[in-house]
Amino acid sequence: PEVLLEINKLKKYFPVKGGVLQRTIGHVKAVDEVTFSVYKGETLGIVGESGSGKSTLGRTILRLLDPTDGQIVFKDSDISTIGNRKMRRFRKEMQMIFQDPFASLNPRMSVGEIIEEPMIIQRNLSKKERKEKVVDLLEKVGMSEDTRQKYPHEFSGGQRQRIGIARALTMNPELIIADEPVSALDVSVQSQVLNLMADLQDEFQLTYLFIAHDLSVVKHFSDRVGVMYLGKMAELGPKSVLYQNPLHPYTRALLSSVPVPDMDRKRDKITLYGELPSPSNPPTGCPFHTRCSEVHKRCKEEVPQFIEQEKGHYVACHLYTREDHF
Ligand code: SF4
Ligand code: MG
């Protein structure tokens, strides 16, 4: 499959200030050496607890945040350090759908204006063409034409997310990064929005990076799934492999709390000990070692590398790495 996006050792650190002089006393390693590819037309689910760095990862890929280090390669162009002007060309092709559509829609603009705005900025269509496109996009997301004259507050959460999706589609993007697009919605509305996203993916050949906080949402929706923990990718693989044969103890613990009606043997529930450590003061060695039931001495000293264990199935855990003896 064709690679659309390649992330190579991407880092996003935020300075932590302290003391009377508010000097930098440390860093939050929100994204820490994350490496993966996204294939054209697929949905890659990225799962993690809050504080795992998954939203920061999405924003950094879109250059809403500047990366600290590493590469973001989109369609063979390294966009990790290019300036705003050069980035404009790529902005059209990479769009974001946010968790809270209300916060991301300007309340003083009508829905028609909100959807039309990116086209005005790009100056490539006439007024008449823009209006036609707005009506067409609204229809594509299941909203009527009279939605144009109304304002975001007049709509429910699910309808607002449809409007947010229409706006994201305005510039015919190839990649959409969806940051928990349904987690703020009622359960009954969630599947409608996910179905809409799936239909639109087929119709427009979209590629999705789908960020979620648990494995159940991405289960039906993703082709591959990555699991993040404290800024690092713990495991990544094809969905069926990851759900049936999880390798990382963290993925196993997460999956043990997801009901699996279609499996004959029941998974034992694995308890995660303790809370997520502070991202500004992460554990040494393996970031998961303070909560891992399989922790051994080496885990506290050495960071496990993210290694391909079997085709397309990557894991960062010392249970699967051999110590080198010389
Ligand atoms: Fe657990 Fe060690 Fe693997 Fe980390 S490296 S997940 S602590 S076994
Ligand atoms: Mg988030």
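Biologist: Let me begin with one residue. Which residues does R162 touch, leaving out those up to four places away in sequence?

Modeller: R162 touches V141, G142, M143 and L196. Keep in mind that this is a predicted model. R162 itself lies in helix 6.

Biologist: How far is R162 from V193?

Modeller: Their C-alpha atoms are separated by 7.3 Å. Along the chain, R162 and V193 are 31 residues apart.

Biologist: Why does R162 count as buried?

Modeller: Count C-beta atoms within 10 Å; a residue is buried if 20 or more others lie there. R162 is buried because 25 other C-beta atoms lie within 10 Å.

Biologist: What comes just after helix 4?

Modeller: R123 does, and R123 takes a positive phi of about 50 degrees.

Biologist: Which other residues have a positive phi without being glycine?

Modeller: Two loop residues are worth a look. R63 has a phi near 60 degrees and is not a glycine. N172 has a positive phi of about 50 degrees, and N172 is not a glycine either.

Biologist: Where are these two loops?

Modeller: R63 is found between helix 1, residues 54-61, and strand 4, residues 69-74. N172 is found between helix 6 and strand 7, residues 175-179.

Biologist: Are R63 and N172 buried or exposed?

Modeller: R63 counts as buried because it has 20 C-beta neighbours inside 10 Å. For the exposed class, the cut-off is 12 or fewer. N172 has 11 C-beta neighbours inside 10 Å, so N172 counts as exposed.

Biologist: Now the strands. How do strands of a sheet pair?

Modeller: They pair through backbone hydrogen bonds, either parallel or antiparallel. Here is a case. Four strands form an open sheet in the order 2-1-4-5, with antiparallel pairing. Strand 2 (23-39) and strand 5 (77-78) each have a single partner strand, so one side of each is left without a neighbour in the sheet.

Biologist: Over how many bridges do strand 1 and strand 2 pair?

Modeller: Strand 1, residues 3-18, pairs with strand 2 over 13 bridges, in the antiparallel sense. Within that pairing, L10 stands opposite V34 in strand 2.

Biologist: Where is a hairpin, and what sits in it?

Modeller: Take strand 11 and strand 12, with two residues between the strands. G312 in this hairpin takes a positive phi near 75 degrees. Strand 11 is residues 307-310 and strand 12 is residues 313-315; they pair antiparallel over three bridges. E308 stands opposite Y314 in strand 12.

Biologist: Which residues does T207 touch, not counting those up to four places away in sequence?

Modeller: T207 touches L4, V38, K40, G41, E42, E174 and L175. T207 is in strand 8, residues 207-212. The C-alpha atoms of T207 and K40 are separated by 5.7 Å, yet the two are 167 residues apart along the chain. T207 is buried, because 22 other C-beta atoms lie within 10 Å.

Biologist: What surrounds ligand 1?

Modeller: Ligand 1 has 13 residues around it, and the closest are C286, H289, C292, C299 and C317. By class, this shell has nine nonpolar, three polar and one charged residues.

Biologist: Let us step back to the whole chain. How many helices and strands does the protein chain have?

Modeller: The protein chain has eleven helices and twelve strands. Its radius of gyration is 21 Å, close to the 20 Å that the globule rule gives for 326 residues, so the chain is as compact as a globular protein of that length. Along its principal axes, the C-alpha trace spans about 70 × 55 × 40 Å.

Biologist: What share of the 326 residues is buried?

Modeller: Buried residues make up 38%. For contacts with a separation of 6 or more, residues 24 or more positions apart account for 63%.

Biologist: What does UniProt list for residues 5-255?

Modeller: The unreviewed UniProt entry lists "domain: ABC transporter" there. In the model, that span is 39% helix and 29% strand, and its end C-alpha atoms lie 27 Å apart.

Technical notes:
Residues numbered from 1 in each chain as written. Chains lettered and ligands numbered in written order. Predicted model: local features only at pLDDT ≥ 70, side-chain atom pairs only at ≥ 80, totals over all residues. UniProt positions renumbered as here; feature names shortened; annotations may be inferred. Near = placed C-beta within 6 Å. Nonpolar A, V, L, I, M, F, W, Y, C, P; charged D, E, K, R; others polar. Contact = placed C-beta atoms within 7 Å. Rg over C-alpha atoms; globule rule 2.2 N^0.38 Å. Pairing = 2+ DSSP bridges.
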